[in-house]
Amino acid sequence: MYIMKTNDMIKRLLDFLDQSPVNFLAAHHIAHRLEEAGYRHVDPREPLGKVETGDKLYVTKNDSSVYAFHIGRLPMAEAGFHMICAHCDSPTFRIKPNAEMLCEGGIVKLNTEVYGGPIMSTWFDRPLTIAGRVITRGEDALSPHTLLLHVKRPLLQISNLAIHFNRQVNDGVKLSRQKDVLPILGIVTDELERGNLLMNIIRSELHISQEDILDFDLYLADATPACTFGCHDEFISSGRLDDLSMCYAGLEAMTATATTDATKVLAIFDNEETGSQTKQGAASPFLSMMLKRIALMQSGSEEAFCQAVERAFMVSADNAHAWHPNYSEKYDPTNHPVLGGGPVIKFNAAQKYASDAVSAAVFAELCRKAGVPCQRFVNHSDVAGGSTLGNILASSIPLRGVDMGNAILAMHSCRETGSTADHLYCVRAFTQFFSE
């Protein structure tokens with residue numbers, strides 16, 4: 001029975017990864033899963049109203065971030081809140097306006113720009129598709145309609161230059177973001193298609209007229225489904241494990257746990273890969289505003305939010321770097337987590353992570369109670385690391401919290417590698433946290 005449950009949980013993750021090629025689709029599917037679990041959508045433009053013990057609410061921002069709240073038995077001022085935050089964006093390529101570029105032979109390529117920090121070479125010579133949102137004409141200029149788009153077939157490819165024209169290709173090539181990574185879309189077959197290939201695809205997929213299309217936010221995505229591999233199916237291969245795997249682990253725990261004393265919060269932010277400085281990013285005051293409104297509706301006191309923050313705990317869930325068997329010299333000699341070794345607590349002396357001894361001890365104890373192994377990650381002192389959500393969020397809401405994540409290989413590759421065991425461990429640890 002346990003093996004069957006394990007397989008089901010991994011299958012749900014793989015399905016979610018396939019359904020979520022970009023942030024907008026990820027947010028949509030997370031919201032749908034929340035509604036299935038009894039969460040009620042709240043329009044932040046409307047009065048929140050009185051909140052009661054056991055209430056389940058969620059709000060969205062910009063169609064690309066989701067914030068869920070499960071109201072606890074005690075007021076937030078007395079029990080605080082337990083929050084897991086993650087991000088739903090991943091490095092990719094954004095399609096520019098007026099994107100079609102007609103070349104010799106009628107070949108059309110698309111003009112794109114890099115989003116975040118992808119390993120660009122990993123996007124070459126693989127089937128790609130497009131996904132995102134299309135904005136159409138509404139009842140008035142300030143209220144356009146949004147339609148989600150996911151072309152579920154291979155549609156484009158970024159092709160390499162043959163080795164015969166670049167004999168040094170295996171010695172390393174500096175790639176131009178404007179020239180080398182533009183994808184081929186198709187071949188114009190008649191004059192009517194000239195300049196309209198992309199729009200024809202959008203129109204046919206969404207069954208709308210071109211006159212109604214006002215704009216779009218569209219991105220490239222890997223068209224190959226997520227899968228497991230290894231002699232025991234112990235590894236996961238997929239794009240966007242960073243950070244959709246953490247989003248989904250948080251969602252699994254959020255929807256599986258009952259009402260507790262503390263209010264539970266799941267915050268899925270956008271734009272972490274570009275610095276979080278947006279209305280839907282971790283640096284936005286939006287989440288703080290929603291928490292203040294909930295605290296006020298519970299107690300009638302603005303002081304309640306400040307009290308809740310002091311009693312709160314945040315888990316900033318963003319993937320960590322797994323030890324790579326081919327590049328051991330890149331890792332700290334005593335703190336290099338391995339695939340399958342359990343959730344990873346991340347530390348940094350320059351305060352790029354929120355973890356300190358107290359918050360790390362809290363999370364390690366949660367793992368112990370859940371029967372889950374726990375690892376530590378510190379950068380090799382000669383190798384600069386990245387930053388994540390924890391400290392960005394803590395700069396606007398002074399939360400006690402820990403930065404953690406599951407260990408993966410090839411972070412920011414078109415396809416990353418994770419561990420099936422680590423996903424199961426993480427869900428158990430998050431479930432323990434939300435059950436406290």
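Modeller: In this predicted model, helix α5 (residues 241-256) lies across β3 (65-70), β4, β13, β14 (313-317) and β18 (401-405), and runs at about 150° to β4. Helix α6 (residues 286-299) also packs on the sheet, where α6 touches β2 (56-61), β3, β4 and β13, with a direction that makes about 20° with that of β3.

Biologist: How do you know that β4 and β13 pair, and in which sense, parallel or antiparallel?

Modeller: Two strands pair if at least two bridges are found between them, and strand β4 (residues 81-87) has seven bridges with strand β13 (residues 263-269), in the parallel sense; they therefore count as paired. One of the bridges joins H82 to K264 in β13.

Biologist: What is the order of the strands in the open sheet, and why is one side of β1 and of β17 left without a neighbour in the sheet?

Modeller: The nine strands follow the order β1-β2-β3-β13-β4-β14-β18-β16-β17, with mixed pairing. β1 (40-41) and β17 (375-378) stand at the edges with a single partner strand each, so one side of each has no neighbour in the sheet.

Biologist: Which residues touch the most other members of the largest nonpolar core?

Modeller: That core has 51 residues, and those touching the most other members are I30, L34, I84, I268, V315, F363 and F430. Its largest share, nine residues, comes from α5. Another core, of 35 residues, lies apart from it and includes V59, A304, A308 and A354.

Biologist: What makes L251 a contact of L34?

Modeller: Contact requires heavy atoms within 4.5 Å, and L34 is in contact with L251 as well as with Y39, Y58, V66, A68 and T255, once its neighbours within four places in sequence are left aside.

Terms used
Residues numbered from 1 in each chain as written. Predicted model: local features only at pLDDT ≥ 70, side-chain atom pairs only at ≥ 80, totals over all residues. Heavy atoms only, no water. Helix = DSSP H or I, 4+ residues; strand = E, 2+ residues; numbered from the N terminus. Axes fitted to C-alpha atoms, helices over the stretch in contact; angles between N-to-C directions. Core = buried A, V, L, I, M, F, W, Y, C linked by side-chain atoms within 4.5 Å. Buried < 20%, exposed > 50% of the residue type's maximum accessible area, 1.4 Å probe, protein only.
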